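Q: I have just opened this one and would like a quick tour. Can we go through it piece by piece?

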Amino acid sequence: MPVGEGNKRNLIVVSNRLPLSVKRAEDGSYQSSLSSGGLVTSLSGLTKTTSFRWFGWPGLNPKEPAEKEEVRRSLEAHDAIPIFLDEDLAHDHYNGFSNSILWPILHYQSGVTFSDGPWAAYRRVNEIFADEIAEAAQYGDLIWVHDYHLMLLPQLLRERLAKKGKAAAIGFSLHTPFPAPEAFRALPVCKEILEGMLSSTLVGFHTDNYRINFIASSQQILGAQPQDSTVLYKDRLVKTDKFVVGIDPQKFEDTLKKTEVQERIKELSERYKDVKVILGVDRLDYIKGLVQKLHGFEQFLSDNPDWVGKVVLIQVAVPSREDVKEYQELETEISCTVGKINGKFSKPESTPIIYLHRSIPFTELTALYSIADVCLLTSTRDGMNLVAFEYVACQAAKHGVLVLSQFTGAASFMGQGSVNFHPANFKEISAAVRKGLTMSEQERKERYEKLRDFINTNTR
């Protein structure tokens, strides 16, 4: 049976949020613009062989039917289809369950309080997505579902497609870690989540460790039967695999060549000519280990008093989930810790930590990557951490050192080229920072070349 347009295969990409910004203009009309990052770039190379449609929440819910239709028309230019959600339902799904219950468990965080209300909202949103996509899908479409917000969707979607006499291959990609079975069991609805994922044709993870944890959980919790990289469950054979996510190194190289970026690099290099720069770039999230990073750096300054005044930690903490109480409390803790450390080690002519709690322009970010002697990433758990890749992409001239937590997905692939440590051990962080700052040029170059080859091979 022929599918798609001509020889093209139809691909439906599904994510919780559409990768577009939808805004209302002064004249009352709606305008949308495409994001330049993430999946948008990684899928752009397939347009010659594949027709795309992207389903997801547009981030707003107009009340009037005419307004909703206008939003739809605005998004059509980008082959995007909005799935409208009531604001309270969207909040309970995203903040109530996805980020307050599911996200912590996927990242091995304890003390999560389960509640039926957010779980009902999570299930309801997945049902709404399933209804919309099953209606729009054609026989033989490829459907690619993304991330932890939609873990029930493969099963709900397959059920609805079957009722309509349709069939489709369903892929599911998880962009977070998947924990070991004993950790995943802490989720009261772990069986439902696993059954949702196991209705996929293919389930993809960033590392083999996450994939193995998923298979083990399916076996121990549901009684599924592992068969190498596949899982047999209820007469369905589900393929699992590892897919390394990457960046576009050329984007960073091209940005570094811009005149304004070169001028900024000169300014920063002059400002810190007598100081070693350690850079941290993280979303403000408890999985990023920011508090641990600060205490580890404090330990380094205590262990190495001769470095006080000769090293600075520039920490960029991009605001995230600011309406969630735990994140508000984390920001307060980080700000207080920065103040205490600066109060303890500052001199009239120097401050050990520069803390930027805001997003910064891409050109400024690439300049900071370029001049940093060390990039320090202390995640307690992280699906991959592409900051590690971005730093390497900007270090062709300096050969800076990547000091990387062993609990990032990136450490599975970049261990030989980076300095690794346990983020809960402040002495280890201190020793890793010292090693990064004192490493010989020859060793820095050898490590850098390994990292450069990896990021150039594993691009988007």
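Q: At what angle do helix α10 and helix α13 pack?
A: About 45°, with the axes of α10 (residues 259-271) and α13 (residues 362-371) 9 Å apart. Axes are lines fitted to C-alpha atoms, for helices over the stretch in contact, and angles run from 0 to 180 degrees between N-to-C directions. Helices are DSSP runs of H or I with at least four residues, strands are E runs of at least two, and both are numbered from the N terminus. This is a predicted model, where local features need pLDDT of at least 70, side-chain atom pairs count only at pLDDT 80 or more, and totals for chains, interfaces and linings use all residues. Residues are numbered from 1 along each chain as its sequence is written, and side-chain values use heavy atoms, with hydrogens and water left out.

Q: Which residues of α10 meet α13?
A: V261, R264, I265, L268 and S269. Their partners in α13 include T363, E364 and L368. Contact here means heavy atoms within 4.5 Å.

Q: And by class, what is in that contact?
A: Six nonpolar, four polar and two charged residues. Ala, Val, Leu, Ile, Met, Phe, Trp, Tyr, Cys and Pro count as nonpolar, Asp, Glu, Lys and Arg as charged, and the others, Gly among them, as polar.

Q: New topic: at what angle do α11 and α16 pack?
A: About 65°, and the axes of α11 (residues 290-303) and α16 (residues 426-438) are 8 Å apart. The two helices are therefore roughly perpendicular to each other. Angles under 35 degrees count as roughly parallel, over 145 as roughly antiparallel, 65 to 115 as roughly perpendicular and the rest as oblique.

Q: Where is D373 found?
A: In the loop between α13 and β15 (374-377).

Q: Is D373 buried or exposed?
A: D373 is buried, with a relative accessible area of 14%. Buried means under 20%, exposed over 50%, and partly exposed in between (1.4 Å probe, protein chains only).

Q: What does D373 touch?
A: Not counting residues up to four places away in sequence, D373 touches V275, K276, V277, Y391, K398, G400 and V401.

Q: Zooming out, how many helices and strands does the protein chain have?
A: The chain has 17 helices and 17 strands. Buried residues make up 53% of its 460 residues. Its C-alpha atoms fill a box of roughly 70 × 55 × 40 Å, taken along the principal axes.
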